[in-house]
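Work through the exercises below with the structure open. Each task is followed by its solution in steps.

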Amino acid sequence: MKLFNSGKLKLTAHKKKNYKRFTRSRAANVVFVSFLLLAGLFMVLPLIYSVMTSFKPLDELLAFPPKFYVTRPTMQNYAVLPSLLDNLQVPFSRYLFNSLFISVAITVGHIIVAGMAAFTLSNCKHKFISAVFWGVQIALLFNGYTLGIPQYLIFSKIGIIDTYWVYILPALQSTTGVFLMKQYMDVSVPKALMEAALLDGAGYYRIFWRLVMPLVKPAWLTLALFSFRDAWALQPGGTIFDESLKTLPVAMNQIAASGIARSGSVMAATVLLMIPPILVYLVSQSNVMETMSSAGMKD
């Protein structure tokens, strides 16, 4: 018994020795964490610069070379925004309504469409289903600008130019959401659980809404973040001519057209436009991390 215990202790010590061989030292950990902090700081520099610039007075905005920080902060850039927005062709509330309506419609519609498509691709047993999914993956390679002319021809044929549909319909079929949801369903939804639901008499629609969607909540919350971010910054690309149907970024471009003297107000408006996506991210942050950590994993 004594010999057995001594041999076990030697084996444990050998494992610990091998384990320590592949771990970083404390100094290496400090260097690694410091590098990550510097990289993170570098990534948020544009955000910090935008906030700093929105508080700069006119003389600091016109200074050369420009300074990163602000020495005499002022709220004047924010105070003049209402008067600038009153000079727009349509009321600012109309631009705000358009952006909110389009962003919510695209986000909700994209989650539903991507979820249903991913559910089908994940559970259908048809022999050509893998070829369909390969087509989805190939579609990820296409740049949106390459589809501009074909999409415009299709929109003009079906008569949705100068309507809200021209914003919403192209965003619903985004292949990124289908790919993300399908990969997460393959990992997070047990096949045995779905088979048990079918045996209990549940239909596919009930399984999708009551069983699958709650299980893949981190995935569709991540998709909601990406969809809302893109929809909030959406601008009509030659498909909207009615000013009352245009979005907030168009209104911001009109303010920016006033020249460099209004660059502080433009930056102030940009900071305000960044608030909704940041709030959505703060709500869905933990789910985004969970989705990314499990992406590509298989049982």
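**Exercise 1. Find which residues of helix 12 meet which residues of helix 13, and sort them by class.**

Step 1. In this predicted model, M213, P214 and L215 are the residues on the helix 12 side.

Step 2. Sort by class. The contact has five nonpolar residues, no polar ones and one charged residue.

**Exercise 2. Are helix 12 and helix 13 roughly parallel or roughly perpendicular to each other?**

Step 1. Take the geometry. Helix 12 covers residues 204-215, and its axis passes 5 Å from that of helix 13. The packing angle is about 75 degrees.

Step 2. Apply the cut-off. Angles of 65 to 115 degrees count as roughly perpendicular. Helix 12 and helix 13 are therefore roughly perpendicular.

**Exercise 3. Classify the ring pair F97 and F101.**

Step 1. Count the pairs in the structure: there are seven aromatic pairs.

Step 2. Check the rings of F97 and F101. Their centres are 5.9 Å apart and their planes meet at 10 degrees. Planes under 30 degrees apart count as stacked, so this pair is stacked.

Step 3. F97 has a relative accessible area of 42% and is partly exposed. F101, at 36%, is partly exposed.

Step 4. Compare with F228 and W232. This pair is stacked, with 5.8 Å between centres and 15 degrees between planes. F228 and W232 are four residues apart in helix 13. Both are buried.

Step 5. Ring pairs join F97, F101 and Y164 in a cluster.

**Exercise 4. Is E243 buried or exposed, and what is E243 in contact with?**

Step 1. Locate E243. The residue lies in the loop between helix 13 (217-232) and helix 14 (248-256).

Step 2. Read the accessibility. Buried means under 20%. E243 has 13% relative accessibility, so E243 counts as buried.

Step 3. List the contacts, leaving aside neighbours within four places in sequence. They are Q89, V90, Y95, V250 and Q254.

**Exercise 5. Which residues does T175 contact, leaving aside neighbours within four places in sequence?**

Step 1. Find T175 in helix 10 (residues 175-188).

Step 2. List the partners: V136, A139 and L140.

Step 3. Take V136. T175 and V136 are 39 residues apart in sequence, yet their C-alpha atoms are 6.0 Å apart.

Notes
Residues are numbered from 1 along each chain as its sequence is written. This is a predicted model: local features need pLDDT of at least 70, side-chain atom pairs count only at pLDDT 80 or more; totals for chains, interfaces and linings use all residues. Side-chain values use heavy atoms; hydrogens and water are left out. Helices (H or I, at least four residues) and strands (E, at least two) are DSSP runs, numbered from the N terminus. Buried means under 20% relative accessible area, exposed over 50%, partly exposed in between (1.4 Å probe, protein chains only). Contact means heavy atoms within 4.5 Å. Axes are lines fitted to C-alpha atoms, for helices over the stretch in contact, and angles run from 0 to 180 degrees between N-to-C directions. Angles under 35 degrees count as roughly parallel, over 145 as roughly antiparallel, 65 to 115 as roughly perpendicular and the rest as oblique. Ala, Val, Leu, Ile, Met, Phe, Trp, Tyr, Cys and Pro count as nonpolar, Asp, Glu, Lys and Arg as charged, and the others, Gly among them, as polar. Rings of Phe, Tyr and Trp (its six-membered ring) pair if their centres lie within 6.5 Å; planes under 30 degrees apart count as stacked, over 60 as edge-to-face and the rest as tilted.
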